[in-house]
Amino acid sequence: MEANEILKIAANALNEKKAVDLSAIHVGELTVIADYFLMATATSSTHVRALADEVEEKLGRAGVEPHHIEGKATGWILLDYSTVVVHIFSREAREFYNLDRMWNDGEAVDLAEILDTAQEASE
């Protein structure tokens, strides 16, 4: 599956579960780690796990399994799908690690173009 398709499924999964401060950065020109970083903030430790579970479940249904997962018992869960790395933070962890600033040389992705707004309107 293409990186932009993985990004879309993951971003919509996070959005559906009410992730806060959702953002994506195209980092493919800056590193070989991934093409995109997708970042989200959760409102509690339970929410961090629920967001990660939702991304895993939605991408799993699409036939995409994570290459690696880190931090299941922390305030920062990283889901590595090779071309897309999903970072789910507690508010404190996001502020402390500040990946948005660290990778600000990357190109910001306009998530409004890929989020399913039809579902939001029906809620």
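Is aspartate 80 buried or exposed? Hold that thought for a moment, everyone.

First, the ground rules. This is a predicted model, where local features need pLDDT of at least 70 and side-chain atom pairs count only at pLDDT 80 or more, while totals for chains, interfaces and linings use all residues. Residues are numbered from 1 along each chain as its sequence is written, and side-chain values use heavy atoms, with hydrogens and water left out.

Now the sheet. It is open, with six strands in the order 3-4-5-2-1-6 and mixed pairing. Strands here are DSSP runs of E, at least two residues, and helices are runs of H or I, at least four, numbered from the N terminus; two strands pair if DSSP finds at least two bridges between them. Strand 3 (68-70) and strand 6 (107-108) are at the edges with a single partner strand each, so one side of each lacks a neighbour in the sheet.

Let's look at strand 2, residues 36-42, which pairs with strand 5 (residues 84-90) in the parallel sense over seven bridges. With strand 1 the pairing is antiparallel, over five bridges. Phenylalanine 37 is the bridge partner of isoleucine 25, and phenylalanine 37 also stands opposite valine 85 in strand 5. Seven of the seven residues of strand 2 are buried, so the strand is largely enclosed by the rest of the structure. Buried means under 20% relative accessible area, exposed over 50%, and partly exposed in between, using a 1.4 Å probe and protein chains only.

Back to my opening question: aspartate 80, in strand 4 (residues 76-80), is buried, with a relative accessible area of 17%. A polar atom of its side chain lies 2.7 Å from the backbone nitrogen of serine 82. Thanks, everyone!

Methods: Polar contact = N/O pair within 3.5 Å; in protein donor to acceptor, adjacent residues only side chain to side chain.
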